[in-house]
Amino acid sequence: MKTVVALPGEGIGIEVVDAACELMTAAGMPVKILTPPQRDPNPVPSPAGGHALPESTRRTARDADAVLFGAAGPSTSGVVAWLRWEMEAWGGVRPAKFYPGMRSPLADPEGIDLVVIRENSEGIYPGREGDLAELKRVMPGSRDRLGRGLDGYGEGRYAVKVVTRQGAERIARFACDVARKRKARGGRGVVGCATKSNVLRQSDALFHHTVEEIVAGCPDLRFEHFHVDDAARRLIRFPKAMDVLVCMNQYGDILSDVAGEVAGGLGVAPSANHGDDGWAYFESVHGSAPDIAGRGIANPTATLLSCVLLLDHLGLETESRRLEAAVARVYRDGRALTPDQGGRATTKAMSAAVLDAYRSQ
Ligand code: NAD
């Protein structure tokens, strides 16, 4: 029996995690789901915003085999900050796969099956920001590409983007492993990399060239590079030509939303986030969706497909394949889809249909 900690976050995160946990339990999967509290009775503020996770919950999550997270919003950004930043879940896996019956905006989406690998720990998102006056003081010699100093700017703010060789190598090796596993199942064995190395000739170029070097050391894989704006366009125009696309933090965040949308929408986009020593947590790509929260109409697919990744991680391949097949079946049937997919089903009705499809295999 494997132990999974469920942390719903807020908004629709609560609805979709409830649905997913009910399904895994009702399906008789060998997972024990724990739901420790997300906040202390007297909540402690998190530096990342909202409240911090209670220490006892952190301990339970660390001891578990995996964590299933719902979605963060303003009061729970401290929860995802702990799962991702403090626990250093540096390797983001964000598949975008079209299942017939999904509502893709593309005319011919059949065959879209790609994965965005997002470096989760570096780049610009750790949020080293400050007042431009401070930067002018500590870096008086700082020059832009045209040799201009900072004095030309008036009042403002700055953000620091960090790229390290070690971080780029780590995510590149991770992307190669994903590409190899996909190749074994018929994938193309291509690792694409999206940067803006033509403009950011130190930071993005370090990422670009490090990934290129690592992929060059894998004779079974091929390397491709796209400038990030071109990658966004290609994901929409030629998504079937993409296999694995490895990106720095912010580009991966944005491109995985684009990829999820071309496959079928944010409601169907899952993710896994891996750290060291087996640490991993799983969550939908979407947020707390305040515009539909509380109405019971959120699409549970992104969370159910995150469970597919979670079950794989736990070594429960049979349950994982069966759950994915059940989701695919519900889309093929088209009778129990939520409104974002053109149907009228509630979250619960759709996950009940997935459970039926799971049981009937
Ligand atoms: P969002 O992903 O919550 O919603 C964007 C749009 O997609 C909305 O119209 C929403 O209704 C729709 N949508 C999302 N998930 C859906 C689902 N399962 N079914 C049907 N429709 C769905 O993004 P947002 O509105 O920009 O952000 C809302 C909050 O979520 C913010 O506080 C943001 O910081 C947070 N957020 C958290 C995460 C995370 O937890 N990893 C990711 C993105 C945004």
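## Helix pairs

Let's start with α5 (residues 165-184) and α6 (residues 203-216), two helices that pack at about 45 degrees with their axes 9 Å apart. Helices here are DSSP runs of H or I with at least four residues, numbered from the N terminus; axes are lines fitted to C-alpha atoms over the stretch in contact, with angles running from 0 to 180 degrees between N-to-C directions. That angle makes α5 oblique to α6, given that under 35 degrees counts as roughly parallel, over 145 as roughly antiparallel, 65 to 115 as roughly perpendicular and the rest as oblique.

Next up, α9 (residues 301-313) packs against α10 (residues 317-333) at about 160 degrees, and their axes are 7 Å apart. So α9 is roughly antiparallel to α10, and this pair crosses in the left-handed sense. As for α1 (residues 12-26) and α11 (residues 347-359), their axes come within 10 Å and cross at roughly 25 degrees. That makes α1 roughly parallel to α11, with a right-handed crossing.

## What the model is

This is a predicted model, where local features need pLDDT of at least 70 and side-chain atom pairs pLDDT 80 or more, while totals for chains, interfaces and linings use all residues. Residues are numbered from 1 along each chain as its sequence is written, and side-chain values use heavy atoms, leaving out hydrogens and water.

## Around the ligand

The ligand is surrounded by 21 residues, the closest being Ala72, Gly287, Ala289, Asp291 and Asn299; to count, a residue needs a heavy atom within 4 Å. The shell splits into 11 nonpolar, six polar and four charged residues, with Gly counted as polar and Ala as nonpolar.

With Asp291, a side-chain N or O atom lies 2.7 Å from an oxygen of the ligand. On its own the ligand has 810 Å² of accessible area, and the protein covers 64% of that (Shrake-Rupley method, 1.4 Å probe).

Terms used:
A polar contact is a pair of N or O atoms within 3.5 Å; within protein, one must be able to donate a hydrogen and the other to accept it, and residues adjacent in sequence count only if both atoms are side-chain atoms. A crossing is left-handed if the near helix is turned anticlockwise from the far one by less than a right angle, and right-handed if clockwise.
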